[in-house]
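Take a look at the model below.

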Amino acid sequence: MGIRECTVEKLGVKKTMTSKELANRLRVHTVEMAHYSKESHVASALSICDIVAVLYHDVLRKDPMDAKWEERDRFILSKGHACSTVYAALAETGFFSVDELNTQCQDGSRLSGHITYKNVPGVELSTGSLGHGCCVAAGMALNAKLKGKKYRTFVLVGDGECDEGSVWEMALFAHQYKLGNLTVVVDHNKMQAMGFCKDIADHVNLADKWQAFGWEVIEVDGHDHGQLSMALNKRGTEKPVCVVAHTIKGKGVTFMENNLLWHYRDPQGEDYENALRELRAQ
Amino acid sequence: MKKALINAVCNLMDENENVYMFTADLGYGVMNNIIENYSEKFVNMGICEQNMASTAAGMAMEGNIVFMYSIGNFPTLRCLEQIRNDIAYHCANVKIVAVGGGFAYGNLGMSHHATEDIAVMRAIPGMTVFSPADSSEVTAVVKEAAKIDGPVYIRLGRGGEPDVAHISLDINKVMRIAERESDSMKPSIALLGTGTVVADVADASKQLKETYNVSAYSIPKLKPIDMDGVLEICKSNDCVVTVEEHNIVGGLGSAIAEVIADNKVGTRLIRIGMNDQFTQVVGSPDYLRHYYGLDCAGIVEKLHKIYEVEND
Ligand SMILES: Cc1ncc(C[n+]2csc(CCOP(=O)(O)OP(=O)(O)O)c2C)c(N)n1
């Protein structure tokens, strides 16, 4: 059972919606959510809209009517600050109402500014401190391997997040235990919180690093749905898979692209209108 | 508070060429003064809190004073063993700065709510712990921290905290912010607050005047605590109330309880804080303080209830 069948059959989401259209909806939602919440990280969220859209549209086996379905694929957002994209994907695919999205971060809301599993159907893990989610994902993958379960585990990490030592402890572990059922997607937008990664903690070549840890590495254009779908649908045999997705932080809103300001700023006034206008024209 | 901190650190850098600022990829906008004017004293370690803590220890052991900066739980809990073994055990001259103690990043969720940090830092031998309430306290704390040859933890709010009207300002002491009446038949209570809740404590002290003979204090230095000052308060009041944006386990309330127990004083103590729980909702800091009863209204309500029950 894929998400598409679920949503189409049970929830009546338009059958014709492509993953591209879904990605664009996610972009509009993330910009609106940042506008209403007045919180940071809109560019970090725009960076992953294509990855998340392809995951939910073409890859993850989920049932929105049964969020805890045992056989579901696990998906963890390790860069939890980009949660608006995932909340939006969950709402668009029927886990909860789209109307709730714009309550994010408001007083009393269940949708916090870093992803939370508390009371939010479809979210596997609360994150927000970088370098945790990927390790918990390895635990879920280990369970599947030890118990002979079919589900796959996906985790989305930031490239700045890959500064954290825990990421590489997990990389050693998943290779050692041959977790071919685990896929790490690195959102490689080349930026982190204070600037470009190469100016802060230069990874030199991230793909080489994951390869050197014994992982199967697939490099893709992180905004190309065909490439993403191929890579994400590829199940590892013995080696865990790392999809290094080359992305643009702020993708889709020209004035936010590769502009550090939009790690922090929330779109208001003209910026907000211009952003929506550009996205709606896509 | 952030601004006051950076300005105070810049002043130290002017006086001492061995003062450094480390960050784990945070401080956008905040660090501008240091990045522009003291660029060789500024090190962005990347998102690597554990390495930051140990590297800071190494620099400190070579004779430097290192401020290490991040937000919420990242510069404390994330690198706790590095702080314990490398910094504290070696008495390294590292000043750990956490921006966003308590609910300062309320909307951002559980990972960004820091409500156990004081307890954890207080438990580390040799660690001095400060939790200033406003910019004037921050400036004084940074000066004081630089005088201490060893590890210091400084817990800040996020910025925009209202100024506290101190009657006395000595950062090492309990600092009075509201006086009680000289002769009154009402039961006497002392409200003790630390950090970002002190403004609410000051407001509450005004609202409780009808029922109680109230005094209020800001306690920015939680370890070592001003034992004499606390004892005097305990001995001269019917009841002492602590308020903190922190778990009631291990924070200000616990520190006062320790003083009371160690000195065999029988003062009644009421601890207001997070009741050994994680936050379950998000919202602005004001919203969360209200939700968990740590704001002025919450303090007043709790104390009125107690009064009603006991004077029924
Ligand atoms: C342990 C930890 N340290 C610091 C932070 C603060 N922080 C939030 S986002 C961010 C930058 C993350 O960069 P990256 O992983 O590349 O994601 P991007 O937003 O650039 O897509 C930082 C340092 C955090 N959330 N967790």
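Predicted model: local features only at pLDDT ≥ 70, side-chain atom pairs only at ≥ 80, totals over all residues.

Residues are numbered from 1 along each chain as its sequence is written, chains are lettered from A and ligands numbered from 1 in the order in which they are written, and side-chain values use heavy atoms, with hydrogens and water left out.

Start at the ligand. There are 24 residues around the ligand, where near means that a heavy atom of the residue lies within 4 Å. S44(A), K79(A), G160(A), K249(A) and E49(B) come nearest. Residues from chains A and B surround the ligand, so the two chains share the site. The shell divides into 6 nonpolar, 9 polar and 9 charged residues. Here Ala, Val, Leu, Ile, Met, Phe, Trp, Tyr, Cys and Pro count as nonpolar, Asp, Glu, Lys and Arg as charged, and the others, Gly among them, as polar.

Now the polar contacts (pairs of N or O atoms within 3.5 Å). The side chain of K79(A) places an N or O atom 2.7 Å from a ligand oxygen. Taken alone, the ligand exposes 590 Å², and the protein buries 99% of that. These areas come from the Shrake-Rupley method with a 1.4 Å probe.

The model has 4 cavities of 30 Å³ or more. A cavity is a set of points, on a 1 Å grid over the protein atoms alone, where a 1.4 Å probe fits but cannot get out; lining residues have an atom within 4 Å of a point. Volume is the space filled by probe spheres set on the points, which are joined across faces, edges and corners. The second largest cavity holds about 90 Å³. Its lining has 15 residues, and S40(A), H41(A), H81(A), S84(A) and Q104(A) lie nearest the centre. The lining divides into 6 nonpolar, 8 polar and 1 charged. In chain A, α2 (19-37), α3 (42-47) and α5 (83-92) each supply at least two lining residues. α2(A) gives the most, with 3 residues. Helices are DSSP runs (H or I, at least four residues), as are strands (E, at least two), numbered from the N terminus.

K38(A) sits in the loop between α2 and α3 of chain A. K38(A) is not a glycine, yet has a positive phi of about 55°. In chain B, the peptide bond from K223(B) to P224(B) is cis, with omega near -10°. P224(B) lies in the loop between β10 (221-223) and α8 (227-235) of chain B.

Last, the rings. Over all chains there are 11 aromatic pairs. Rings of Phe, Tyr and Trp (its six-membered ring) pair if their centres lie within 6.5 Å; planes under 30 degrees apart count as stacked, over 60 as edge-to-face and the rest as tilted. W168(A) and F213(A) form a tilted pair, 5.0 Å centre to centre with 40° between the planes. W168(A) lies in helix α7 (residues 165-176) of chain A and F213(A) in the loop between α9 (206-212) and β4 (216-221) of chain A, so the pair ties together parts 45 residues apart in sequence.

Definitions and conventions: Polar contact = N/O pair within 3.5 Å; in protein donor to acceptor, adjacent residues only side chain to side chain. 1 Å grid on protein atoms, 1.4 Å probe; cavity = no way out; pocket = protein on both sides within 12 Å on 5 of 7 lines; lining within 4 Å.
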